[in-house]
Amino acid sequence: MSILIDSSSRVVTQGITGKTGQFHTRMCLDYAAGRDCFVAGVTPGKGGESFEDIPIFDSVVEAREKTGCNVSVIYVPPKFAAAAIDEAVDAELDLVICITEGIPVHDMILARQRMVGKNTLLVGPNCPGVVTPDVLKIGIMPGYIHQKGTIGVVSRSGTLTYEVVDQLSKVGLGQSTCVGIGGDPINGLKHRDIMALFNEDSATEAVVMCGEIGGTDEEDCARWIEQHMTKPVVAFIAGVTAPTGKRMGHAGAIIAGGKGTAHEKIAALKSAGVHVTQNPAEIGALMKQVLR
Amino acid sequence: MQGEIPSKLKLHEHQAKEILRAHQVPVPHGMTCFSVEEAVTAAVALGGSRWVVKAQIHAGGRGKGGGVKVASSIEDVRLYASKILGMTLVTDQTGPGGKVVERLLIERGLEIASELYIGLVVDRGIQMIALMASSEGGMNIEDVAINDPEKLCTIHIDSIEGVNWDTARSVATQIGLPEAVHDEAMKLFSNLYEVFLTCDATLLEVNPLVVTGDGNIVAVDAKIDLDDSAMYRHPEFGELRDFSEEDPNEIEASRVGLNYISLEGNIGCLVNGAGLAMATMDIIKLHGGDPANFLDVGGGATAEQVSAAFRIMLKHSNVRAILVNIFGGIMRCDVIAQGIVEAAQQVDIRLPLVIRLEGTNVEKGRQILSDSDLSYLAATTMDEAAQKVVEAVRK
């Protein structure tokens with residue numbers, strides 16, 4: 001098993017005809033069971049065309065009717081990305097993975113409000129996507145660094161996640177599923193939600209969590225772990241050296257009004273029994289040690 | 001308060017108040033001035049017998065730092081304006097270096113009966129817009145939240161349905177607004193919410209909101225944070241940007257699409273990805289060094305961007321060594337390595353340079369570097385890279 005995506009997922013790419021959508025769809029098709037899982041593309045006005053033998057539709061609803069797709073991945077530019085999320089939610093897909101960076105905050109607040117009471121889950125935006133190694137890759141992460149295994153990975157960043165996955169693979173620890181939840185302040189699934197899924201997943205033995213400054217998601221997750229988590233968790237929080245009041249690249253990475261510091265997050269995680277390292281180069285080794 | 005979703009484009013108080021005025025929110029009569037003479041002329045033109053002289057910088061806490069003075073005569077206006085203009089104002093939000101005051105806001109003084117607090121903010125936890133109000137106007141709202149939480153009311157606004165006016169009215173009662181101004185307060189809440197939406201704001205704070213002696217409500221201070229991601233639909237804000245408030249290196253970086261922030265240390269860092277860039281700063285510190293900057297060259301860095309990154313880092317006078325940490329994903333290490341070699345040819349890097357490459361096509365990338373005439377120290381892990389760069393600085 002795995003979380004969120006597996007070989008039965010049927011994926012529609014929203015924004016499949018753009019440069020980014022095309023490039024990454026090709027990479028995903030070439031990864032493991034990609035050719036079986038990627039079944040549809042959507043670009044309004046280009047219905048009837050195809051890309052790499054994948055049929056293109058004008059709308060997500062139509063794509064769902066014709067192909068049975070249940071997961072969408074969004075590469076639509078920021079101006080139109082929130083509307084693309086709305087469309088996938090209205091089509092009642094199970095999961096939407098939004099890669100797009102730079103969606104206006106107000107657009108995301110509205111999109112999240114429209115999701116209330118619906119069953120669709122959202123990963124992202126501003127994230128690398130989700131990969132279940134040797135099965136399916138939906139997103140922009142380099143596929144080859146991953147190995148099939150039992151470690152779940154959840155993270156707010158892109159290249160830092162690749163660094164962690166690479167470390168895990170090199171110490172012989174493969175991954176069950178890796179989820180990039182994104183660096184935006186308003187997003188879909190949080191650390192806590194992904195942690196709960198990993199806790200239930202029979203293929204996951206332990207979890208690596210990468211957090212960063214800003215917001216209180218890591219603290220919320222720490223509280224959840226303390227009460228419910230039955231599997232070991234290793235964590236790293238980026239931004240111990242980040243100054244107050246400055247946005248560190250990600251729209252959500254900011255210490256403001258004394259809130260969102262790395263030290264607070266580290267303290268919360270430690271008191272929840274999480275194995276926290278302050279050295280980002282030792283995440284893989286620490287996990288190895290914890291599982292020994 | 002300091003917003004949790006900060007903007008590169010920051011507004012001065014006088015600019016925020018002009019926006020409020022355009023949306024029928026009452027603000028004091030005032031004029032923006034760049035010299036003492038202008039300030040005196042403004043006070044005379046505004047009339048009355050009391051004026052407030054306010055430093056305009058992009059930071060809060062100005063009153064405590066001596067940047068806000070009440071004048072009871074034109075001579076006092078002259079005195080305070082000459083003291084404040086040109087001063088380096090240090091507040092708890094400016095950082096230790098402070099900010100030089102280059103403009104003033106002169107306003108007519110008001111008869112104050114009570115001071116309240118009103119704020120609209122994006123609540124990251126609940127993922128909704130929150131209206132916050134308190135009877136404790138003029139205070140730092142974060143302190144009120146900690147020390148007197150019962151004096152802070154917060155309501156969340158359904159973005160689809162808008163403000164629930166029954167709830168808003170109960171807020172007006174809870175913060176002690178006199179019954180007589182409730183209708184006016186409702187109109188004010190509505191107008192502030194409209195400003196928040198139409199400007200794509202992430203924070204709008206009126207602190208204090210004043211009830212005057214003659215029973216009117218006036219926004220005596222105003223702060224608006226804008227959402228950088230939404231600025232494509234607000235060309236009108238472009239001309240409000242005050243470049244003199246910003247770090248010149250950060251301006252240059254944002255022009256070439258780099259995320260750069262100056263820090264106090266002496267080790268320059270060039271990294272791809274924001275999370276990895278922070279982690280790189282952290283590991284330098286862990287090994288006893290001090291990062292001079294945060295720099296994310298992004299996922300698709302070009303040779304031009306890499307050379308711009310080197311140029312910007314080298315302008316920072318503290319920098320004694322540079323650490324390059326790249327995890328090649330879709331952006332291949334050989335492309336990045338080529339970029340570094342080209343950049344080094346354009347920019348004269350005379351400082352110790354430590355390069356750590358990992359990820360896609362790493363062998364090719366390392367080959368390109370070692371075949372070039374670039375002088376550098378190679379590292380395979382982040383640990384090794386951090387150790388080497390910290391050692392290089394100590395030498």
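Reader: Is A:Val135 buried, exposed or partly exposed?

Author: This is a predicted model, in which local features need pLDDT of at least 70, side-chain atom pairs count only at pLDDT 80 or more, and totals for chains, interfaces and linings use all residues. Residues are numbered from 1 along each chain as its sequence is written, while chains are lettered from A and ligands numbered from 1 in the order in which they are written. A residue is buried if 20 or more other C-beta atoms lie within 10 Å of its own, exposed if 12 or fewer, and partly exposed in between, with C-beta atoms placed from the backbone. A:Val135 has 19 other C-beta atoms within 10 Å, so the class is partly exposed.

Reader: Which residues is A:Val135 in contact with, leaving aside its neighbours within four places in sequence?

Author: A:Val135 sits in the loop between β8 (129-132) and β9 (136-139) of chain A; helices (H or I, at least four residues) and strands (E, at least two) are DSSP runs, numbered from the N terminus. Two residues are in contact if their C-beta atoms, placed from the backbone, lie within 7 Å. With neighbours within four places in sequence left aside, the contacts of A:Val135 are A:Ser2, A:Asp6, A:Ser7, A:Ala32 and A:Ala33.

Reader: Where is A:Ala32, and is it buried or exposed?

Author: A:Ala32 is placed in the loop between α1 (19-29) and α2 (34-37) of chain A. Its phi is near 45°, a positive value in a residue other than glycine. Inside 10 Å it has 20 C-beta neighbours, so A:Ala32 counts as buried.

Reader: What is the omega of the cis peptide bond from B:Asn207 to B:Pro208?

Author: B:Pro208 is in strand β10 (residues 201-212) of chain B. In chain A, the bond from A:Gly124 to A:Pro125 is cis, with omega near 10°, and A:Pro125 lies in the loop between β7 (121-123) and β8 of that chain. For the cis bond from B:Asn207 to B:Pro208, omega is near 10°.

Reader: Which element gives the most to the side of chain A that touches chain B?

Author: In the interface, 52 residues of chain A are in contact with 52 residues of chain B. On the chain A side, the elements giving two or more residues are α5 (105-115), α6 (159-170) and β12 (206-212) of chain A. By class, this side has 25 nonpolar, 20 polar and seven charged residues (Ala, Val, Leu, Ile, Met, Phe, Trp, Tyr, Cys and Pro count as nonpolar, Asp, Glu, Lys and Arg as charged, and the others, Gly among them, as polar). With six residues, the element that gives the most is α5(A).

Reader: How are α9(B) and α10(B) oriented to each other?

Author: The axes of α9 (residues 303-315) and α10 (residues 333-346) of chain B come within 8 Å and cross at roughly 50°; axes are lines fitted to C-alpha atoms, for helices over the stretch in contact, and angles run from 0 to 180 degrees between N-to-C directions. Angles under 35 degrees count as roughly parallel, over 145 as roughly antiparallel, 65 to 115 as roughly perpendicular and the rest as oblique. The orientation of α9(B) and α10(B) is therefore oblique.

Reader: How many of the 395 residues of chain B count as buried, as a percentage?

Author: Chain B has twelve helices and 18 strands. Its C-alpha trace spans about 80 × 50 × 40 Å along its principal axes. Of its 395 residues, the part that counts as buried is 47%.
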